[in-house]
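Please examine the sequence and the structure shown below. The paragraphs that follow lead from the whole protein to its core, its charged pairs and its loops.

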Amino acid sequence: MNTLNLSHAELMSPYKLIILGLLVSFTVIALYKIAGPAAPFAFLMLPFALFFTVRFSVIFVILFILFSYFRIHEAFPVLMPFKIPKLLALASLFGIVWHLILSKKLTPFWHPAHSVFMLFFIWLTLCVMMATNRAMAIDYWISTLSKVMIMVFVISWWVNTPRAFSIARIGIMASGLLIAFVAVSNKLNGIGLVEGTRVTISRHLKSQIGDPNDLSLVLLFPVSFLCAELFNNEGKFLNRLLVFMVLCLVVYGIIATQSRGGLLGVMAIVAYFLGRTLKNPIALISVLLTGFSMLLIAAGISDRQSGGAAESGIDESAMGRIYAWQAAINMAISNPLTGVGVNNFYVNYFFYSPHWDGKNHAVHSTWFQVLGETGFVGILLFATLIATIYRSLKRSGSLVKYYSEPNLLVNVQALKGGLIGFVVSGTFLTQAFTWPIYIVLSLSIALEQMLQTSSKSHAEVSHDCRR
């Protein structure tokens, strides 16, 4: 009977294969008729895509962050028809669900910084509901804030090995190189210049990096990671030389935007890393003042149509910022708890500014943006979040001393430099609710958690050895 059953099963297997083949063929033909030639190809590639999504989930998550923040597909418009950010979002979501529910490889944990972040996020959500223009606020919450909230937890949970940190760090530096290359190319060829001198990227496509200040912000983020690699004494000479060349290109891209905030951010980051090398404060201050003067001259800010030397007294750009900051203060005084609402500063400028020149203006300051749009409670929570990140990195700096892995120290220094650059450049750049500070937050949480876990493992091993 067993032989007969086995033979029967073997006899039926070709029929099953034929039926399966017919089903796949009919599916491919139907997809071709309904959605065109690309659909059958996508269907046939789906099993391979799912495999790679599960196998390399952390890479897809990092790529999603890089494309979302650096807008690589907008810098290279040939990529836009492929909808890469949406595909990466789907791949990341699938990988997260798979490893969180099925494979159990994604282990959630709760960090004190998560609590502070969630308090701030809940307050932002309340400010969205209380916004004067609720439709704009809700749209921003859906398109940006919700993604930021999800990715803070995903990154802090998923980037949990030195290799994953290396991938993230290299990805940030490589993305900075790509955007800087396009920015410098546009500058040299006179493409998309604002006010005749300030470089932009894909301005004709209404890209997020089509504004010089926003572009300088995007380019500023990789500077701390590049400086960390450059000042890494354990790094190879050729690697550091390559990093130096990339850093020069990225800084030149920031210079081409003629953004004061970008230049201040660069100097703050460089000052942090030089301060670790030059112990003489007089020499450090002399180098920084000389470097900043050279950056201002190279940037040609005096040639700007707004905020240039042609404007007497306090230039128009500076006065515009002062008026905007006054408007933010007035918004907070009028609405001390929730401000005017997230993403509502621009549309409320007319009602709160002491000066009206016929058009609304952006706030051009992270701190005044938070104050005007989320009130005094929001700015207090935001400052607490910044302090929490700093304390987390300080603890990581203490833990990392006990490990011989050089890349771990590079990560701590890169994140510290990024935090310092954010705090300083935030004076002139609007970046409260965009990716940089939240990437620094999530990586800081992940790094401390990884170091604490390794520390506990080493302590347990040592205890067992003593026993």
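The accessible surface of the protein amounts to about 23700 Å², and carbon and sulfur atoms account for 70% of that surface. Accessible areas come from the Shrake-Rupley method with a 1.4 Å probe, and for residues only the protein chains shown count as cover. The model is a predicted one, in which local features need pLDDT of at least 70, side-chain atom pairs count only at pLDDT 80 or more, and totals for chains, interfaces and linings use all residues. Residues are numbered from 1 along each chain as its sequence is written, and side-chain values use heavy atoms, with hydrogens and water left out.

The protein contains 17 helices and 0 strands. Of the 467 residues, 47% are buried. The term buried denotes under 20% relative accessible area, exposed denotes over 50%, and partly exposed lies in between (1.4 Å probe, protein chains only). Among contacts between residues at least 6 apart in sequence, 73% join residues at least 24 apart; a contact means heavy atoms within 4.5 Å.

Which residues touch the most other members of the largest nonpolar core? In this core of 115 residues, they are Phe 70, Phe 117, Phe 433, Tyr 438 and Leu 441. A nonpolar core is here a set of buried Ala, Val, Leu, Ile, Met, Phe, Trp, Tyr and Cys residues joined through side-chain atoms within 4.5 Å. A second, separate core comprises 11 residues, among them Trp 325, Ala 328, Phe 345 and Val 363. Beyond its neighbours within four places in sequence, Phe 433 has contacts that include Phe 120, Leu 124, Tyr 140, Val 342, Glu 373 and Tyr 438.

Apart from residues up to four places away in sequence, Ile 254 touches Ser 216, Leu 219, Leu 220, Val 223, Ser 259, Gly 262, Leu 263 and Val 266. The C-alpha atoms of Ile 254 and Leu 220 are separated by 7.2 Å, although the two residues are 34 apart along the chain.

Attention now turns to the charged pairs. Side chains of opposite charge can pair when their charged atoms come close. The whole structure holds 3 salt bridges, each defined as a side-chain nitrogen of Lys or Arg within 4 Å of a carboxyl oxygen of Asp or Glu. In one of them, Arg 169 meets Glu 229 at 2.6 Å, N to O. This pair links distant parts of the chain, with Arg 169 in helix H8 and Glu 229 in helix H9, 60 residues apart. Arg 169 counts as buried because its relative accessible area is 4%, and Glu 229 is buried at 15%.

Another salt bridge joins the side chains of Arg 395 and Glu 448 at 2.5 Å, N to O. Arg 395 lies in helix H15 (residues 366–399) and Glu 448 in helix H17 (residues 435–466), so the pair ties together parts that are 53 residues apart in sequence.

Glu 74 forms a salt bridge with Arg 71, their closest N and O atoms being 2.9 Å apart. Both Glu 74 and Arg 71 are buried. The backbone oxygen of Glu 74 also lies 2.3 Å from a polar atom of the Ser 202 side chain.

Ser 202 itself is located in the loop between helix H8 (162–189) and helix H9 (212–230). Its relative accessibility is 8%, and Ser 202 therefore counts as buried. Most residues other than glycine have a negative phi. Ser 202, not a glycine, has a positive phi of about 50°. Lys 104 likewise has a positive phi, of about 65°, without being a glycine. Lys 104 lies in the loop between H5 and helix H6 (112–129) and is exposed, with a relative accessible area of 58%.

Note on methods. Helices (H or I, at least four residues) and strands (E, at least two) are DSSP runs, numbered from the N terminus. A polar contact is a pair of N or O atoms within 3.5 Å; within protein, one must be able to donate a hydrogen and the other to accept it, and residues adjacent in sequence count only if both atoms are side-chain atoms.
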